[in-house]
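These are my notebook entries on a structure that I looked up, kept in the order of reading.

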Amino acid sequence: MFDSGVGGLTVLHECLVSLPGEDFVYLGDTARFPYGTRPAEELRSFVADVAGYLLDLDAKLLVIACNSATSAGADEARRLAEPLGVPVVTVIEPEAEIAAAITESGKVGVLATPTTVAGGAYRRALEGQGRALEVTEVGCPDLAPIIQRDATFDHGVIDTVRGYVKPLKQAQVDTVILGCTHYPLVAPLLQRILGRDVRVVMAGHAVAASVQRILAERGLDNPREGEGDYRFLCTSDADSFREIGTRFLQMPLGEVRRVDLRG
Ligand code: DGL
């Protein structure tokens, strides 16, 4: 499983809840964070680097726990993984399905990185749900970096987040997709600004369900009773990844290894 940083831990958490017996390797490409303000072409090559690295570790399934990487490079990851018989599970489509199913007014908001919004992946996924929806997308260049650096939630930060949410309130959406895996880490703040009546959709649970289904269908699931093993890799400072990751996952990360993807 991989992300540009700690955001994908929100997806890993759901997988650990649903699939405690599996072994997980999580890679945060922290040296090249943020992904969400980079051109799609550049992200495609990052996805190729990270997917290639994890496939070399004999991953039996690959999860792209990053919306920006999914929007720019899901096909690239599949091109590398599928000839090896390794399925690829991504974000974006699951949230679109859930949002289309639960919105009452048909007015759906999306908060995502600029790269994800520019790529149009949510708009396409929502259009494909067979229901007329009014979609309002907001690119949030600063939100993932605020979360990744574990910023204090002072008035400046809150005002920035309020600014991102404002167009969604103006559009009177009743459902908001958190279209970046970092955003569930500040779900309480977002829910407070959006209000009780707005439903917030996140990828983690649906991704865990897909992983579970695909592993079972292919007979790849691990039947062990106890807990599996988990390992964390990152591409820059391991200590800060361990510190922030431990706090978000609320469990000891153990040794975090810094790796060089091109090494
Ligand atoms: N977690 C990544 C995503 O889901 C974004 C963070 C970044 O900009 O790198 O899009």
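With which side chain does the side chain of Glu 76 make a polar contact? I found the partner to be the side chain of Arg 44, at 3.2 Å; a polar contact is a pair of N or O atoms within 3.5 Å, where within protein one must be able to donate a hydrogen and the other to accept it, and residues adjacent in sequence count only if both atoms are side-chain atoms.

Basis of the entries. I worked from a predicted model, in which local features need pLDDT of at least 70 and side-chain atom pairs count only at pLDDT 80 or more, while totals for chains, interfaces and linings use all residues. Residues are numbered from 1 along each chain as its sequence is written, and side-chain values use heavy atoms, with hydrogens and water left out.

Glu 76. I located Glu 76 in helix H3, residues 67–81 (a DSSP run of H or I, at least four residues, numbered from the N terminus). Glu 76 has a relative accessible area of 10% and is therefore buried (under 20%, with a 1.4 Å probe and protein chains only).

Ligand. I noted 14 residues around the ligand, the closest being Ser 4, Tyr 35, Gly 36, Asn 67 and Ser 68 (a heavy atom within 4 Å). A polar side-chain atom of Ser 4 is 2.6 Å from a ligand oxygen atom. I recorded 2.8 Å between an oxygen atom of the ligand and a polar backbone atom of Thr 181. For His 182, an N or O atom of the side chain lies 2.8 Å from a nitrogen atom of the ligand. The ligand alone exposes 300 Å², of which the protein buries 99% (Shrake-Rupley method, 1.4 Å probe).

Key
Helix = DSSP H or I, 4+ residues; strand = E, 2+ residues; numbered from the N terminus. Buried < 20%, exposed > 50% of the residue type's maximum accessible area, 1.4 Å probe, protein only.
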